[in-house]
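Reader: Hi! I would like to go through this structure with you, one question at a time. Could we begin with the terms you will need?

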Amino acid sequence: MRIAVVGAGVAGLTCAHRLTQRGHVCDVYERWPGLGGQAATIDVGAGHLLERYYHHLFTSDRHIAELYEELGMPGELEWLPSSVAFFLEGRSWPFTSPLHLLRFSPLSLRSRIRMGVAVVRLQRGGTDVAPYERRTARDWIVEAMGAEAYAKVWGPLLRGKFGDRADDISMAWLWGKLTMRRRLQGKEAGQELLGYPRRSWEPLFGALRDSIERGGGRVLIDRPVKRLSAGFEIVAGAPGSFRAGHDPRAFEAAGPPERYDAVVATVPNDVFRGMLEPGLVDERYLGLLDGIEYHTALCLLLELDRRFSPYYWTNIADPELPFVGVVEHTNLVAPERYGGRRFLYVANYLAPGHELLGLGADELLARYEPGLRKINPGFDPSWVRARWLHREPAAQPIVTVGYGERIPPLRTGVPGLVLANTTQIYPEDRGTNYAVRLGADAAGVLLDGS
Ligand SMILES: Cc1cc2nc3c(=O)[nH]c(=O)nc-3n(C[C@H](O)[C@H](O)[C@H](O)COP(=O)(O)OP(=O)(O)OC[C@H]3O[C@@H](n4cnc5c(N)ncnc54)[C@H](O)[C@@H]3O)c2cc1C
């Protein structure tokens, strides 16, 4: 078959690679002038590539590790010691080993012990999500760890990621976060190891593209799908369409339609909806797509002339700070990899329309400055050598109670048309590892119906 794959993120590229292995010819259409979607890189200068959004892997991320092996790049992944902190009550509290929890004095000793016991119980409590699907994370935390743990630790963290939807988030989501990411035995019991590819995520995308092209397909960047019509006719958007935003209806058509035998779309729900010819997909299915909300990731990447903190990952549990985390990439990967340069991401997740989303990089830095100074009182904007700002509208599906029953199936109801995107990753938290799995699943559903 000639198959169009819409989106050259990890799911789209993996799907096209799998379809190519089965003897089909794929054209991959991508809106952005580069590969990798949410894991895409930018050249930060001197040929160094860095993801637009902070990225690492967990040791449990076996699907992507296996893909590296399969593509002949087994040495690409490095496993590096992570360091985590919580910022609360005016200081950063290390949170890397279980001992740190015991020393975490913002919580009473009783709450600390309850929290530790509750997490260990959850992690040893089996692999069935069902008991957690019908209740909110808030409910479960207050019951298992106490109200203080919710007020001081988990509530601020959930609000950071989900804003005013925090209290509605399903316990299934938190269960996935707390149970799936880490092997709690052996070397990792004391300190977590995180994976990062030696040369960024980019070589993985290149290897997938080469595989697709060897099979006779094309990987077309800066070539979005503007319209998808019956008979699988695709009208592409003109080069530079990404400047017009995300809605395919706003793109100029690039030329006459191309016809395909099947289509796999890996774009967010609203983008998929925007490219469909009216009537092509059943209203019931479209209703499922409309029922899922996303929050936007707003990510400021700073190159600093010195180290900002001693930690790789600092969770912000202070509700006065206007961002949710600082991720100091060069505290995971040595700055020598970047010629001695240092990089810090300031992370945020915001509801659509939030006023911070309208700011430029310098305005945003000015808004963040007092918060950054609270974490490191010496911080001064003169430390900033360069900055980049990225916004990802469909970054985080909002996983509320009963989410599992509202997920749109991969099969759209139109034979030969499959949708595979981050809203279907459940109960795990979405990530590149699960995008690899989803891409393979989408190929399976299209070819075998399973
Ligand atoms: C801030 C942030 C931090 C993250 N941190 C991590 C992490 O540490 N580890 C990890 O594993 N994962 C992380 N993730 C998640 C991970 O990046 C995603 O889960 C994964 O990349 C999703 O892949 P995907 O292919 O399903 O979707 P996407 O990457 O969203 O791919 C969809 C693609 O479709 C393209 N597209 C859109 N419109 C059109 C159109 N009209 N025509 C054609 N193409 C179109 C998009 O440009 C995009 O390339 C993070 C994400 C964010 C936002």
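Author: Happy to! Two strands count as paired if DSSP finds at least two bridges between them. Please keep in mind that this is a predicted model.

Reader: Thanks! How many bridges join β11 to strand β12?

Author: The two strands run antiparallel, and β12 covers residues 233-236. Pairing needs at least two bridges, and the number joining β11 to β12 is four.

Reader: Which strands are the edge strands of that sheet?

Author: The sheet is open and has three strands, in the order β11-β12-β13, with antiparallel pairing. An edge strand here pairs on one side only, which leaves β11 (225-229) and β13 (258-259).

Reader: Now to the ligand: which residue has a polar backbone atom 2.8 Å from an oxygen atom of the ligand?

Author: A polar contact requires N or O atoms within 3.5 Å. A backbone N or O atom of glycine 431 lies 3.3 Å from a ligand oxygen, and a polar backbone atom of arginine 31 is 3.3 Å from a ligand nitrogen. The residue at 2.8 Å from a ligand oxygen is glutamine 38.

Reader: What share of the ligand's accessible area does the protein cover?

Author: On its own, the ligand has 1,000 Å² of accessible area.

Definitions and conventions. Residues numbered from 1 in each chain as written. Predicted model: local features only at pLDDT ≥ 70, side-chain atom pairs only at ≥ 80, totals over all residues. Heavy atoms only, no water. Polar contact = N/O pair within 3.5 Å; in protein donor to acceptor, adjacent residues only side chain to side chain. Areas by Shrake-Rupley, 256 points an atom, 1.4 Å probe, with all protein chains shown as cover.
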